[in-house]
Amino acid sequence: MAISLRSRWAFFPLILALGAVTLYFLRLSLGHEAQPFPEAPKPPDPPKGPIYKDIHREIVPPLPEYFPLAAKANSPADLPPVPSWNRPPKEHVPETTRLYIGFTRFWPLLQQVVVSYIAAGWPPEDIYVVENTGTMDANKRGLLTIQNPFYLDYHRLTALLGVNVVTTPSLQTFAQLQNFYLFEAINNNLTHYFWSHMDVAVHSHEDKEPFQSLYMNAVDVVRETQKPDYLVDESGHKEEWGIQFFAYDWLSLVNVKTFADLGGWDTMVGYYGTDCDMYARLAMNDYARPLQDAGMVYDVTNSLDDLEVLYRRRPKKQEARDTRDGIAGSYYNSTIPSPNKAYLESTEEDEKGGEGFKKLAATLEQIQQDKRDDKYRNSWQLRQNGGEGEPYYYDPDGFEKALQMTIEVGTKINEEKWGHRGCDIGSVGLKQGDQWRVEHDSTF
C-alpha cells in the first residue's frame, strides 16, 4: 500500500522529539559522571594560644611538727641538753671540725640530721647548713610556708639550734654544691672539712666500750691523718689521702689539697655518676680512701615522729634532786618563763646503751629499710607541693621532671667521658688522662 508524502512527514516531529529526549538524557548522564567527588570538610581551625595539660595534682596533707619542743622554745635553754656521754669538750678541740650539710627540699629531714649530729656531740657552731634552694633570702626573711618544698626554718636553725646557714646565690647541682664546699674551705684556709648528706640520721655507738661519742671518734680520725707517719709504709713511702668514708660518703672527711689538685668535681656530671667520677679519679691518682667508723649513720626517707628521742631522755622514775647543771643553758636565771620547764623537770637522762637506745636504733634501722624497699628511694623529695604565689616559686612537678632530665643528661655525659657505663670506672683499666679519649666499651 502506498504511503503519501504527507503521511511520511507526519512522523517527523515525533522522531525529532525522541531524538531530543535521548540526547538530553545522554548529556545528563555524561555530565553527571564528569562531576568531581565532593571535597572533605575542612578541619576546624586550631584554638588560638597554648593547649594545657590535664593535670590532677594530688593534695598532700600538711606536714606535722616533728619537734614540738623546738616549736614551743623561746631560746636554746628550752631544748633538752645533749646527753652527758656525748657532750663535746667545754673548750673546742684544737682541730677544725667544720661540717657542711646541703639542703634543697624537705625541711623535716634537714632538721632531723642537724639535731642528730648535735645530740651525737657535734658542736652546733661547727655545723654549716648550705641552703641550696634557689630562693635567695626568702627563707631568712620568713617568706616561705612549710608546704613549700624549699622551706626551711631559718630561725630554728640559727637562734635555737645554734648552727650556721650559708645560702648559695642560685640553685646548684650536686657536683656544683660539692665544689661550693671546697671553695668555702679554701677561702677559710681549711686543710680539711666534713660533709654529710641531709637524708641521714646519726647516733653514737652507745653499746660499745670503750665508749666515745660520734663526734670525738671523728676528731680522732682528723688527728690520725695529721700524724707524720700516717700512711707511711715500711719503705718510708708516704701515701696521700683524698677522702675518709664514714658509711660511704653519707658522712665523709675531705682533704682540701687533694680535691683541689684534681680540679674538684666535674660539674658537667651534675648528679648521679659524679661521685663515681670523683672517687675513681682519686683512685687513678693513688690517693687513699680509707673506711672509718665514728658512729651509726642511717640513710633515711622520713623523720622520727618526735626528735626529742635523739636527746635520750626518759620520764623520771622518782623525785630526784635538782640537777640544774644538766640543763643546756639556764632558764632558771631567766626572766622569761620556759614553756618546756615542766618537761625538762619531769624527765631525766636515759641509760647509755639501754632500752631507749635499742628502741631508737631499731626505729632508725626500720626507716632505713623502708627507703631500701621504696622503688623510688628519694620519694621524700615529693612530699610537698605548695608554695604557689610565694617568692621564687617553681612548679613542684616541673622541678622534679627537670631534675630527672638533668640527671639523665649528666649520666650520659659521664658515660661518654669514660667510654664506659657503670660506676666501676676505676676497675676496668681506665687511667687518669683517658677522659674523652676512649671508644665505647662492651657496656654500650
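## Aromatic pairs

A search of the whole structure finds 19 aromatic pairs. Rings of Phe, Tyr and Trp (its six-membered ring) count as a pair if their centres lie within 6.5 Å; planes under 30 degrees apart are stacked, those over 60 edge-to-face, and the rest tilted. This is a predicted model, in which local features need pLDDT of at least 70 and side-chain atom pairs count only at pLDDT 80 or more, while totals for chains, interfaces and linings use all residues. Residues are numbered from 1 along each chain as its sequence is written, and side-chain values use heavy atoms, with hydrogens and water left out.

One of the pairs is W122 with Y215, which is edge-to-face, at 5.2 Å centre to centre and 70° between the planes. W122 lies in the loop between α4 (107-119) and β2 (127-131), and Y215 in helix α7 (residues 214-225), so this pair ties together parts that are 93 residues apart in sequence. Helices (H or I, at least four residues) and strands (E, at least two) are DSSP runs, numbered from the N terminus. W122 is buried at 1% relative accessibility, and Y215 is buried with a relative accessible area of 1%. Buried means under 20% relative accessible area, exposed means over 50%, and partly exposed is in between (1.4 Å probe, protein chains only).

Y394 and F399 form another edge-to-face pair, with 5.8 Å centre to centre and 85° between the planes. Y394 is partly exposed at 44%, whereas F399 is buried at 10% relative accessibility.

## Cluster and charges over rings

One aromatic cluster is formed by Y100, Y128, F174, Y181, Y193, W195, F245, Y248, F259, W265 and Y279. The ring of Y128, a member of this cluster, also has the charged end of R98 over it, 4.0 Å from the ring centre. The charged end of K352 sits over the ring of F211, 4.7 Å from its centre. A charge sits over a ring if NZ of Lys or CZ of Arg is within 6 Å of the ring centre and within 35 degrees of the ring normal.

## Disulfide

The structure holds 1 disulfide (a pair of cysteine sulfur atoms within 2.5 Å). C276 and C423 form this link, with their sulfur atoms 1.9 Å apart. The angle about the S-S bond is -105°, and the link is left-handed.

C276 is buried at 11% relative accessibility, while C423 is partly exposed, with a relative accessible area of 46%.
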